[in-house]
Amino acid sequence: MLKYVVRRLAWSIPTLCFVTFLVYVALRIGTNPVESYKRINPRASPEKIAQYIDVNGLDPNYVRGYFRWLVNFITLDWPRSIKGSREVAPALKDALANTLRLGTAASVVGITVGLLLGIFAALRPGGRRDVAVNTAAFVGISIPPYVSAILFQLFFAVYWSRWFGSTLFPTSGVYPPGQTGFNLGLMIRHMVLPTMVVAIQIIAVYARYMRSSLLDVLSSEYMRTARSKGISERRVLFKHGLRNALIPVVTIAALDVGSIVGGLIITENIFSYPGMGKYFLSAFGEGDFPLLMPWMVLIVFSVLLFNLLADVSYAWLDPRIRLE
Amino acid sequence: MPTPILEIRNLQVTFNTPVGPLVAVRGVDIDVHAGEMLAVVGESGSGKSVSFLAAMGLLPRSATVTGSVLLDGQQIVGMSPKQMRSVRGRLMSMIFQDPLSALNPVHRVGAQITEMLRAHSKMSERAANARAVELLEIVGIPQPGDRAMQYPHEFSGGMRQRVVIAMAIANSPKVLIADEPTTALDVTVQAQILEVIQRVQVQFGTAVVLITHDLGVVARVCERVNVMYAGCFVERGNVHGIFEQPTHPYTRGLLASLPQTGVERLVPIAGFPPNMLRPPSGCAFRARCDHAVEACGSAIPPLVPVGESESACIRASELMGRK
């Protein structure tokens with residue numbers, strides 16, 4: 001197992017290089033980084049432009065340029081952003097921290113509630129609870145986040161302040177304007193609405209995964225064997241049923257959580273939440289190559305990492321799977 | 001005759017299906033005596049498995065069970081789920097058809113056996129582990145100590161069936177129901193598994209109900225045989241009597257469809273079993289029977305003594321003379 005993980009991690013290095021090369025080429029074609037620089041700094045001297053081209057690895061030859069960029073990236077000699085000439089690493093770190101906080105909260109709430117609802121529904125297939133959960137999940141999946149986000153903002157901020165004189169939950173940012181330093185209470189209040197928007201989607205999807213996975217397991221013959229032992233129904237369900245039903249769900253969850261690092265682009269933008277999604281959208285809008293490349297590397301890395309995590313958790317839960 | 005250990009009277013099982021009630025078992029009587037090996041024979045859908053799943057209380061909620069099932073003097077039909085659990089796995093246990101899917105893939109084999117032991121006695125984990133290894137040895141698994149720590153997928157089909165047997169006999173039950181225990185196995189392994197079941201029967205004094213459609217298996221190991229068709233017994237008696245002189249046309253058809261040396265062609269029974277959503281009146285076999293007469297349709301014929309056996313054919317004694 002350890003050998004497998006080490007080998008997979010070793011393999012992820014060439015994969016990372018290859019994928020980042022593709023991303024590099026795509027960004028150069030798609031955003032034309034040199035033009036973006038000239039547009040934002042119209043009075044830049046030719047020397048400044050040449051320096052910008054050099055430190056970002058924007059050589060007309062893509063391969064040579066890529067390696068120039070790679071060397072700078074690995075040695076942590078990251079060029080500053082075009083707009084505002086900011087340091088990239090701290091900006092990326094803040095965005096990642098904000099997204100991880102939102103993503104973790106939404107995943108924990110979403111997956112927990114989703115799994116519980118799925119179990120609840122599967123115990124009596126076709127029963128009233130099952131129909132209720134299925135309908136709710138269908139509605140939850142059908143409402144896109146940009147609709148639910150705006151509905152929540154309307155209800156909890158606009159109408160709430162009209163009815164009760166103040167908003168229940170703030171609708172944007174991590175802190176109110178002017179707040180400096182850490183404040184847990186304010187942070188949580190700002191996270192409530194975006195978390196709800198994201199969690200609803202996750203709940204709906206996982207309720208359905210869990211329901212169908214558990215139904216599959218409940219009809220299997222080893223459940224009848226377990227029942228034939230004369231053990232309690234609860235033990236049959238938890239010890240024999242859930243363990244098996246969770247195998248596919250956990251695998252999917254690992255992949256899903258990995259993709260959250262890519263940002264909840266729509267939700268973050270509606271709530272002006274300074275996470276990975278908002279970072280990407282504004283950097284992409286400006287064609288800010290120095291900001292975009294490290295973001296891309298981070299996304300590719302997290303996808304690779306969570307894929308590995310999915311495989312490992314699969315092998316850990318299911319003794320039939322051998323990793324070699 | 002001593003009182004039977006398992007006494008089933010007028011057992012009826014009906015499934016509520018979206019298209020109406022399906023009568024799977026229509027008034028079955030059966031006595032199982034302590035320590036005997038009894039065969040229940042019939043084709044798929046004849047209700048043989050359902051009858052005993054009902055006795056174990058393992059049918060889905062859509063099933064309605066009526067009648068009487070006395071196990072060692074205790075009435076099982078209508079028992080509370082809790083009482084039923086204390087019977088299941090302790091007084092009566094079951095071996096299933098497909099050992100590949102009957103064991104939980106994510107638990108170790110030893111743990112699946114100890115779970116059975118500890119469900120019914122206050123055994124320490126250690127004692128249960130030791131007993132599980134002993135049980136694996138009894139059913140003929142080599143290196144039982146190591147094997148107990150393995151998962152089901154590391155066992156072959158025959159070995160898994162041995163594990164299922166070890167589990168079923170863990171609490172020395174009075175009655176062991178073997179539901180087609182050899183059907184999913186290949187022929188060489190079948191004989192070994194039957195031998196294990198026979199050994200268990202003798203060693204533990206357990207009564208075994210062998211549910212099967214394989215008359216060859218029945219001839220080899222059983223004393224008494226019950227033939228089931230469309231939810232009723234159509235013939236029962238001593239194995240040798242029935243093999244030599246079957247009294248019911250259905251049994252005769254079953255025997256004729258057995259491969260035999262010296263016989264070139266097998267004779268299948270024409271037609272199909274009846275649709276139990278609309279069970280036929282009278283003798284259920286009459287649509288496929290060469291000897292059916294008008295009287296066969298009037299009522300379900302009861303089992304009556306004919307020669308050494310009992311037969312549910314109104315023309316049994318008349319047909320006995322002919323071949």
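A polar contact is taken here as a pair of N or O atoms within 3.5 Å; within protein, one must be able to donate a hydrogen and the other to accept it, and residues adjacent in sequence count only if both atoms are side-chain atoms. By that rule, 13 residue pairs (both at pLDDT 80 or more) are in polar contact across the interface of chain B and chain A. The model is predicted, so local features need pLDDT of at least 70 and side-chain atom pairs count only at pLDDT 80 or more, while totals for chains, interfaces and linings use all residues. Residues are numbered from 1 along each chain as its sequence is written, chains are lettered from A in the order in which they are written, and side-chain values use heavy atoms, leaving out hydrogens and water.

Between chain B and chain A, the contact (heavy atoms within 4.5 Å) takes in 24 residues from chain B and 22 residues from chain A. The rule also finds two salt bridges here, a salt bridge being a side-chain nitrogen of Lys or Arg within 4 Å of a carboxyl oxygen of Asp or Glu. One of them joins B:E115 to A:R235 at 2.7 Å, N to O.

In all, 29 residues of domain 1 of chain A touch 21 residues of domain 2 of chain A. Two salt bridges cross between these domains, and the side chains of A:E286 and A:K83 meet in a salt bridge at 3.1 Å, N to O. Polar contacts link six residue pairs across this domain interface (both at pLDDT 80 or more).
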